[in-house]
Amino acid sequence: MNVKGILLDLDGVLYTGDNPVPGAPEALRYLKKRGYLTRFVSNTTRKSRKIIESRLLALGFDIRMDEIVTPSVAAINYIRSTGLKRCHLLTTVDLRSEFEAAGLLHRDRDADWVIIGDAGDNFNYGTMNQAFRLVQEGAGIIALENDRYWMGSDGLMLSAGPFVRGIEYATGKTATLMGKPSAEFFGMILREMGLEPADAVMIGDDAVSDTGGAIKAGMQGILVKTGKFSSGALALADPGPTRVIGSIAEIDTIL
Ligand SMILES: [Mg+2]
């Protein structure tokens, strides 16, 4: 595979739950040594980049915050570009702090945007109904991600997608998607890296958000069998991944 840049998913590729994938720190060192440009592209919307960076460090990964790209980064850029800055954040408290640090303050009324991330336990009838009412009153919906589920330390966990769909269903409006598999999101990352899509590959454990989205954006896609990988999801994937490998530890066999 002849590429210059590598986009790597985090959850399910470098770690699952609280454990690094065996051989993953060595695989990253191999990629750095070979001189590839790397970005770590996560749809994780529970945590700010600062928290993600310190967690990666604790797991044995030497990754700088400016190499980490999350949907929050794209959403903050997007909201600023619209000039409409009144935000209602249906997210974790940590993610709310990332928006507030960028000058986008959370409000409960008169919102231009309802921003939905993986809010975890902050998803409940009251918070969903408040988001529903704000959208009914005219706010647009921004989905930080639209994934169905992810692999937690004790089993599969609902991601933001089912809740985004719920608000869309109730209001008849469509969310603007910020994270993977949005082609605009991949395009923003590649422009910042100075690469053409054909020069880059995405490595992930999700055949839709990671490899499917990357291939639709003109890149190649390597699916790993760690994390939430399932052969059923692979069989349904359209487009399917360019390559499938057991784990990131095998990356030296193709790159
Ligand atoms: Mg993943």
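1. **Ground rules.** Residue numbers start from 1 along each chain as its sequence is written. The model is predicted: local features need pLDDT of at least 70, side-chain atom pairs count only at pLDDT 80 or more, and totals for chains, interfaces and linings use all residues.

2. **Two domains.** Domain 1 covers 5-70 + 180-253, and domain 2 covers 84-177. The bounds come from an automatic or database domain assignment. Taken over C-alpha atoms, the domain centres are 24 Å apart.

3. **Where the domains meet.** Contacts link 16 residues of domain 1 with 19 residues of domain 2. A contact means that C-beta atoms, placed from the backbone, lie within 7 Å. On the domain 1 side, one residue is nonpolar, nine are polar and six are charged. Here Ala, Val, Leu, Ile, Met, Phe, Trp, Tyr, Cys and Pro count as nonpolar, Asp, Glu, Lys and Arg as charged, and the others, Gly among them, as polar.

4. **Helix 7.** This helix spans residues 183-193, and F185, F186, I189 and L190 are buried in it. Buried means 20 or more other C-beta atoms within 10 Å of the residue's own; exposed means 12 or fewer, and partly exposed lies in between. Helices are DSSP runs (H or I, at least four residues), and strands are too (E, at least two), numbered from the N terminus. The buried residues of helix 7 line one face, because they fall within an arc of 130 degrees seen down the axis. That arc is taken from the directions from the helix axis to the C-beta atoms. R191 and E192 are exposed on the other side.

5. **Around helix 7.** Its buried residues pack against several elements, including strand 1 (5-8), strand 4 (37-41) and helix 8 (211-216). G194 follows the helix, with a positive phi near 75 degrees.

6. Four strands pair in parallel, in the order 6-7-8-11. Pairing requires at least two DSSP bridges between two strands. Strand 6 (87-90) and strand 11 (176-177) are the edges; each has a single partner strand, so one side of each lacks a neighbour in the sheet. Strand 7 (113-116) and strand 8 (140-143) are joined by four bridges. I116 sits opposite A143 of strand 8.

7. **The core.** The largest nonpolar core holds 68 residues. Such a core is a set of buried Ala, Val, Leu, Ile, Met, Phe, Trp, Tyr and Cys residues joined through C-beta atoms within 7 Å. Among those with the most contacts inside it are I116, A143 and I248.

Key:
Contact = placed C-beta atoms within 7 Å.
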